[in-house]
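Have a look at the structure, then read on.

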Amino acid sequence: MRADRRLAYALIAPAVLILLAILAYPMARLILLSFQRFDSRSLFTGEAPLVGFDNYTRVLTDPQFWEVLARTAGVTIVTVLAVMVAGFGLAQLLRKAAGWARVTLLVGLVLIWAMPMVSSAIIWQWMFQPQYGVMNWILTRLVIFGDLSAHNWFGNTFEALTIIIVMVVWKGLPFVALTLYAGMTQIPEELYEAAALDGARAGAITRNITVPMLAPIIGVLTTLQVIWSVNSFTPFWVLTQGGPAGGTTTLSIYAYVKALSANDYGAGAAISILTVLILSTFAIVYVRRLSAQGEIS
Amino acid sequence: MKTTLRPALFTAIAAVGLLAAGCSGTPAQSAASDDAPLTIWLMAGGPGETDIIDDINATFAEEYPDVEVTVEVQQWDNITTKLTTALASGNGPDIVEMGNTQTPLQTYSGGLLDITADRDSFEDSDTWLEGLAAPSEYDGKLYAVPMYGGTKIVMYNKAMFAEAGITELPQNLDELKDVCARLSQTFGSTPNFSGFYMPGQYWFSGAPFVFALDGELAAEDDGVWEGGLSTPEAQEGLAAWRDFQNSCSTPSSVGVNTNNPDQAQVFADGGTAIISARGWEPASVVEKNPELADQLGFMPMPGFETGTPLPVIVSGSTIGISAATDNPEAAKAWLRIITGKEIQTRLVLEQNQLPITPAFMPESGATPFIEASVEASKYNKALPAVPGWATLETERYNEQFFSSIAAGDDTAAAAKTYDAHVADVLNSTGN
């Protein structure tokens, strides 16, 4: 028994060491940095005095931080709702579609997933380019929306945010749809047969069988999607750089601009730590609630 | 057995990955020596992309035959962040070119070698252009040297002017708008045609409207920076910018910058008869459409009053040596070549750049572009030389601001946001 335990620890040791090296160390440095006054000059002189909670006070008293936080929360709620609902719909479609349609859909989803984020963002930028973008051309051809041939999608906050959210949802869809689909294939067919015999309708079957059976997966996916959405950086940076006038700046963009553009690395670190705190609080509360319901053991 | 084997396998694979990463993580520390190689970062659009660089390296090789030189051309997007981190890493480039507005951040940070003592070894360094020399200094010490100047002037298509019956060049903005109208009438059948193609994000062309009326983007008072766009002068300038952009350029140009689509391509394709051109663009146009070779005309940008062109922002590049270089002497020698009269003259004649001192202006053979540039540069304006300016560039803040004005945003409200942000950014770094 003891020997078994020792073996278990020995086996897990490399993994723990790796985690410590690639996660704990940078995290510790980040925490330290968030308590230092560290600017571009500190990079060269190494002088970075400890300033206590100064960076945190500066960030928390900056009205822009709260604006950015609220925007991030809004964007995250919309993104996660959209990606979960659309992902669930796609998974149902995958389950019910004929063989060839399913394969086509699967290949499409995997291709979206396989495409590097930067490339996708640049392609979206092209599609919505005011002068030669295909979107303006199509929308103008449709006539419904009037002449959009010169429309600048990134000129106002609402449209820019909408396009970014649609892109983040589009990019996150394959993961959600494929995971839910995989979960659905594990639901025993007898349950559906029994429900069908009892004359249950499609809506009732989804509500009473599919969703409850998938609840643990939905829970984990939602948590992951929230984290993914809050940390989403590339689409924002490539498409708008957080503009116009800071209108699409979310927490990750805000931290990046503070740290690497304004060279206020201390404040950037403080923002990142705050983001981690918010996300882990959310994850802990959410997972606890789920396990309290007995859905995650 | 099956259950214990899999995690063990994964950890083994992960451990191997970690070991491999550990091996490549240690940089090879080469000792300072006379023949340590030089890595040089030059910016897109400059001499790094032409054969001038080969001649510089050939001259350098005569003096330092054993020093291997590698030139890497960098893109302007996000260059500030890249530069700071590359210099801080200690094993980045030995020599770096910087935009003049990006230079103060680097001289402030301390990543560049102090070359104050070598100042006199650079040819005609006492007459360097102020707009390039000032940002190169910090606290009375020299950390970089001017590399070339540049300005934007009006380039027009003579054939299209003739076809539209325009015989006299516009002398002020009102006449320029009339010219736009006549061009649009004549070439109205060309889709998306602009008399004067002016991308809304092209703030280097927008800001002069503010400067011409004595407005400022930002001004320093007793060490504290303030945004200047809320003043009545600046507001009037912004309104004039919108009016000009909207009356001369196609609506789809409001939300774009000069590179996307490439305005030289728009010009070469006949999508416009006029652009505000940078030094390399005439050659770029001719390369895309050789028929235009004899049809290019140049002039300063007309201003509000006849006889007074809009001020130009004299921009340009500086070049400095990394404090971490292994071969400072060779690096200085390389800088002496690129800032010397021989190469500077070629930059003027072949690349339409302004030389770093008037002493290097060739006496004859200057291109029409340079002649118009010299004329235009009489009315010039320098941007704030302050470390925080680099932040605005990374965020593309000016691009988005001038575009929003062209798009019709309320100038007073937009200026208020701008001023607050600019004050915040300029006062937070290096102060």
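A crossing is called left-handed if the near helix is turned anticlockwise from the far one by less than a right angle, and right-handed if clockwise. By that rule, α4(A) and α10(A) cross in the right-handed sense. Keep in mind that this is a predicted model: local features need pLDDT of at least 70, side-chain atom pairs count only at pLDDT 80 or more, and totals for chains, interfaces and linings use all residues. Residues are numbered from 1 along each chain as its sequence is written, while chains are lettered from A and ligands numbered from 1 in the order in which they are written.

**Helix packing in chain A**
- Helix α4 (residues 63-96) and helix α10 (residues 202-230) of chain A have axes that come within 9 Å and cross at roughly 135° (axes are lines fitted to C-alpha atoms, for helices over the stretch in contact, with angles from 0 to 180 degrees between N-to-C directions).
- That makes α4(A) oblique to α10(A) (under 35 degrees is roughly parallel, over 145 roughly antiparallel, 65 to 115 roughly perpendicular, the rest oblique).
- Helices here are DSSP runs of H or I with at least four residues, strands are E runs of at least two, and both are numbered from the N terminus.

**Strands in chain B**
- Strands β1 (residues 38-43) and β2 (residues 69-74) of chain B pair in the parallel sense over six bridges (pairing takes at least two DSSP bridges).
- B:Leu42 sits opposite B:Val73 in β2(B).

**Where the chains touch**
- In chain A, 31 residues are in contact with 37 residues of chain B (contact puts C-beta atoms, placed from the backbone, within 7 Å).
- α1(A) gives the most to that side of chain A, with five residues.

Conventions:
Two residues are in contact if their C-beta atoms, placed from the backbone, lie within 7 Å.
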